[in-house]
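This report covers helix packing and pockets in one model. The structure is shown first.

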Amino acid sequence: MRVVRLNMDPRRGVLLMTCSSLLFALMAAGVKFLGTRFPVAEIAFFRSALALPLLVAFAHYKHIPLWPRRPYLVLLRASLGMTAMFCWFFALQSTTLVTVTLIARAQPVLVTLLSPYVLGERGDRRSTWALVAGMLGTI
């Protein structure tokens, strides 16, 4: 197993997250624009088909094996990811970009709210107040 050393420069992290947010916003706007002309399944297919060669090239460059040790877990994750992408694309066609973005940005708070019921995790009083602040921040 290879040891991966991470660059811990916080400016790089901020830059990458900013780029990520910009690219997701551009993709959302593109899906919203294309949704008036093409079906969701076609948009999702081409979004995935265009990303596949890039992922294969990246895996080859980083010497990451393309066949996983537990393929059934990868298949499960891919199925859930594809379902999430379809739901997101359908939402973009069904409502405003602002509403979809607001709900997407509330995702960490919603996951935290569900974690006691799904994962059995319990938080303390501080995390409860952080959740309240997070929910108020998304509104």
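In which hand of crossing does H1 pass H3? The crossing of H1 past H3 is right-handed, a crossing being right-handed if the near helix is turned clockwise from the far one by less than a right angle, and left-handed if anticlockwise. The model is predicted, and local features need pLDDT of at least 70, side-chain atom pairs count only at pLDDT 80 or more, and totals for chains, interfaces and linings use all residues. Residues are numbered from 1 along each chain as its sequence is written, and side-chain values use heavy atoms, with hydrogens and water left out.

**Helix packing**

Helices are DSSP runs (H or I, at least four residues), numbered from the N terminus. The axes of H1 and H3 come within 9 Å and cross at roughly 60°; axes are lines fitted to C-alpha atoms over the stretch in contact, with angles from 0 to 180 degrees between N-to-C directions. H1 and H3 are therefore oblique to each other, a class left after angles under 35 degrees (roughly parallel), over 145 (roughly antiparallel) and 65 to 115 (roughly perpendicular) are set aside. Phe-24, Met-27, Ala-28, Val-31 and Lys-32 of H1 make the contact with Trp-88, Phe-89, Leu-92 and Gln-93 of H3, where contact means heavy atoms within 4.5 Å.

Helix H2 (residues 40-61) packs on helix H3 (residues 71-94) at an angle of about 130°, their axes 10 Å apart. This pair is therefore oblique as well, and H2 passes H3 in a right-handed crossing. On the H2 side the contact includes Val-40, Ile-43 and Arg-47, and on the H3 side Met-82, Phe-86 and Gln-93 are among the residues involved.

**Pockets**

A pocket is an open set of points on a 1 Å grid over the protein atoms alone, where a 1.4 Å probe fits, with protein on both sides within 12 Å along at least five of seven lines; lining residues have an atom within 4 Å of a point. The volume is the space filled by probe spheres set on the points, which are joined across faces, edges and corners.

| Pocket | Volume |
|---|---|
| Largest pocket | about 2200 Å³ |
| Second largest pocket | about 160 Å³ |

Of the 50 residues that line the largest pocket, Phe-24, Arg-47, Leu-55, Arg-77 and Gly-81 are the closest to its centre. H1, H2, H3, H4 and H5 each supply at least two residues of this lining.

The lining of the second largest pocket includes Thr-112, Pro-116, Glu-121 and Arg-122. H5 and helix H6 (125-138) each supply at least two residues there, and H5 gives the most, with 4 residues.
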